Amino acid sequence: LYFWIKDYKNCYKMIDVTTALNKDNSSVQTILALSYLAKNQYENAVNDLELLYTKDPTNSVLIYNLGLSYYYSLNPNKSIELFLKLKEPIELLPEVYYKIAKNFLLLNNYESACFFYNKSKKMNYFKSFDNYSTYCK
């Protein structure tokens with residue numbers, strides 16, 4: 001509850017207590033990692049999500065959030081690698097394609113950026129239209 005109402009101070013206290021009682025509780029570890037992501041503490045989020053990802057490398061929620069953490073950490077190569085592991089059908093795929101395109105822009109790979117902007121645009125992701133017309137001809 002504390003996590004969802006963005007009361008992170010109490011959220012951390014509850015996680016500390018819960019983790020002390022059950023150190024292998026991946027749900028608690030996931031909430032902690034997501035709270036780091038929500039607070040823009042990307043390095044902490046990456047560290048925790050990487051540990052969870054090694055235990056469950058097919059979990060699309062972990063893959064998405066780890067890719068997102070790397071995206072916001074400006075680590076485009078890791079972000080792209082993870083985002084490309086997400087498969088259809090997932091409702092966030094247009095956003096994922098958009099973020100992959102943005103990562104390719106950071107790498108100055110305009111051809112790949114345009115490819116993913118176009119995929120996102122075809123799925124009517126609203127942020128893609130301006131970027132596509134700016135970077136792609």
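# Notes on a predicted helical model

Colleague: Which residues form one aromatic cluster?

Modeller: Tyr97, Phe104, Phe115 and Phe116 form one. The model is predicted, so a local feature needs a pLDDT of at least 70 and a side-chain atom pair counts only at pLDDT 80 or more, while totals for chains, interfaces and linings use all residues. Numbering starts from 1 along each chain as its sequence is written, and side-chain values use heavy atoms, with hydrogens and water left out.

Colleague: What makes two rings a pair?

Modeller: Rings of Phe, Tyr and Trp (its six-membered ring) pair if their centres lie within 6.5 Å. Planes under 30 degrees apart count as stacked, over 60 as edge-to-face and the rest as tilted.

Colleague: And how many aromatic pairs does the count come to?

Modeller: The count comes to 7 aromatic pairs by this rule. One of them is Tyr71 with Tyr72: the ring centres are 5.0 Å apart and the planes stand at 75°, so the pair is edge-to-face.

Colleague: Is Tyr71 buried or exposed?

Modeller: Tyr71 counts as buried, at 12% relative accessibility. Buried means under 20% relative accessible area, exposed means over 50%, and partly exposed is in between, using a 1.4 Å probe and protein chains only. Tyr72 has a relative accessible area of 40% and is partly exposed.

Colleague: What about the rings of Phe115 and Phe116?

Modeller: Their centres are 5.0 Å apart and their planes are at 90°, so Phe115 and Phe116 are also an edge-to-face pair. Phe115 is partly exposed at 47%, whereas Phe116 is buried at 9%.

Colleague: Where does Phe116 lie?

Modeller: Phe116 lies in helix 7, residues 110-122. Helices here are DSSP runs of H or I with at least four residues, strands are runs of E with at least two, and both are numbered from the N terminus.

Colleague: What is Phe116 in contact with?

Modeller: Leaving aside neighbours within four places in sequence, Phe116 is in contact with Leu84, Tyr97, Ile100, Ala101 and Phe104. Contact means heavy atoms within 4.5 Å. Val96 is 20 residues from Phe116 along the chain, and the two C-alpha atoms are separated by 9.0 Å.

Colleague: Stepping back, how many helices and strands are there?

Modeller: There are 8 helices and 0 strands. Along the sequence the pattern reads α-α-α-α-α-α-α-α. The protein has 137 residues, and 42% of them count as buried. Among contacts with a separation of 6 or more, 38% come from residues 24 or more positions apart.

Colleague: How do the axes of helix 2 and helix 4 cross?

Modeller: The axes of helix 2 (residues 26-38) and helix 4 (residues 60-72) come within 11 Å and cross at roughly 30°. Axes are lines fitted to C-alpha atoms, for helices over the stretch in contact, and angles run from 0 to 180 degrees between N-to-C directions. Helix 2 and helix 4 are therefore roughly parallel to each other. Angles under 35 degrees count as roughly parallel, over 145 as roughly antiparallel, 65 to 115 as roughly perpendicular and the rest as oblique.

Colleague: Which residues meet there?

Modeller: From helix 2, Thr30, Leu34 and Leu37 meet Leu62, Asn65, Leu68 and Ser69 of helix 4. By class, this contact has 4 nonpolar, 3 polar and no charged residues. Ala, Val, Leu, Ile, Met, Phe, Trp, Tyr, Cys and Pro count as nonpolar, Asp, Glu, Lys and Arg as charged, and the others, Gly among them, as polar.

Colleague: Is Ser69 buried or exposed?

Modeller: Ser69 counts as buried, at 0% relative accessibility. Not counting residues up to four places away in sequence, Ser69 touches Leu37, Tyr42, Ala45, Val46 and Leu49.

Colleague: Now the loops. What is phi of Asn40?

Modeller: Phi of Asn40 is near 60°, a positive value in a residue other than glycine. Asn40 lies in the loop between helix 2 and helix 3 (42-55) and is exposed at 51%. Leu74 has a positive phi near 60° too. Leu74 sits in the loop between helix 4 and helix 5 (76-83) and counts as exposed at 61%.

Colleague: Last one: where is Glu95 found?

Modeller: Glu95 is found in helix 6, residues 93-106. Glu95 is buried, with a relative accessible area of 17%. Apart from neighbours within four places in sequence, Glu95 is in contact with Tyr64 and Tyr125.
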